[in-house]
Amino acid sequence: LVLGGEAVLDKETGLVWDKNPIQIAPMVPWEAAKFACTGKSLGGRRGWRLPSMHELASLLETENPESNLQLPIGHPFINILPIPYWSATKVAEMTVELAWTVSFNPGNSIGVGRALVTNAHASYWCVRGGGILSVY
């Protein structure tokens, strides 16, 4: 735990994740999720953003028993919901605007999906740091 216990440092990727990503309205459009992360302040630190699809998928642990969320056993996160989370990564070469989502549902062997950025709703999990660039 870092930033006064409000965030989690992933030593494998170097990313710092919001420990408690639950929001009052957990499902929002893609633009609202990007805006919420950009304005976030945790532990007195700014610089949060929506993670790329690869960054978000790096948290997936598909070897968990079906009754557990698809996160590493013993993870320090709280209030992770079994719903899709937006990534900053848009789906390339599509006629409609889609962005990749990652879901940590119990028993979900894939975990990665996509949704319309214009009217679909998903949750968001803000991150900071790391070397993987996110394209908005």
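I started at N79, which lies in the loop between α2 and β3 (84–90). Helices (H or I, at least four residues) and strands (E, at least two) are DSSP runs here, numbered from the N terminus. Phi of N79 is near 60°, a positive value in a residue other than glycine. I looked up the exposure of N79 too: the residue is partly exposed, with a relative accessible area of 42%. My cut-offs were under 20% relative accessible area for buried, over 50% for exposed, and partly exposed in between (1.4 Å probe, protein chains only).

Notes on the model. I am working with a predicted model, where local features need pLDDT of at least 70, side-chain atom pairs count only at pLDDT 80 or more, and totals for chains, interfaces and linings use all residues. Residues are numbered from 1 along each chain as its sequence is written, and side-chain values use heavy atoms, with hydrogens and water left out.

Backbone, continued. L3 also has a positive phi, near 55°, and is not glycine. I found L3 in the segment before β1 (7–9). L3 is partly exposed, at 22% relative accessible area.

Overall fold. I counted two helices and six strands in the protein chain. Along the sequence the pattern reads β-β-α-α-β-β-β-β. The chain has 136 residues, and 41% of them count as buried. I then checked contacts (heavy atoms within 4.5 Å). Among contacts with a separation of 6 or more, 62% come from residues 24 or more positions apart.

Sheet. Which strands form the open sheet, and in what order? Three strands do, in the order β1-β2-β6, with antiparallel pairing. The edge strands are β1 and β6 (127–128), each pairing on one side only. Two strands pair if DSSP finds at least two bridges between them. β1 and β2 run antiparallel and are joined by three bridges. I picked out V8, whose bridge partner in β2 is W17.

Salt bridges. I took a side-chain nitrogen of Lys or Arg within 4 Å of a carboxyl oxygen of Asp or Glu as the criterion. The structure holds four such salt bridges.

K40 and D18 meet through their side chains at 3.2 Å, N to O. K40 lies in the loop between α1 (30–38) and α2 (53–57) and D18 in strand β2 (residues 16–18), so the pair ties together parts that are 22 residues apart in sequence. K40 is buried, with a relative accessible area of 19%. D18 is buried as well, at 3%.

E55 and R49 form another salt bridge, at 2.8 Å, N to O. Buried or exposed, I asked of E55 and R49? Both E55 and R49 are buried.

E97 and K90 form a salt bridge at 2.2 Å, N to O. E97 is partly exposed, at 41% relative accessible area. K90 is partly exposed too, at 34%.

Pocket. I searched a 1 Å grid over the protein atoms alone, where a pocket is an open set of points with protein on both sides within 12 Å along at least five of seven lines, and lining residues have an atom within 4 Å of a point. About 180 Å³ of space lies in the largest pocket. Its lining includes V8, L9, D10, H75 and F77. By class I noted seven nonpolar, two polar and three charged residues in the lining. Ala, Val, Leu, Ile, Met, Phe, Trp, Tyr, Cys and Pro count as nonpolar, Asp, Glu, Lys and Arg as charged, and the others, Gly among them, as polar.

How values were computed: 1 Å grid on protein atoms, 1.4 Å probe; cavity = no way out; pocket = protein on both sides within 12 Å on 5 of 7 lines; lining within 4 Å. Points joined across faces, edges and corners; volume = space filled by probe spheres on them.
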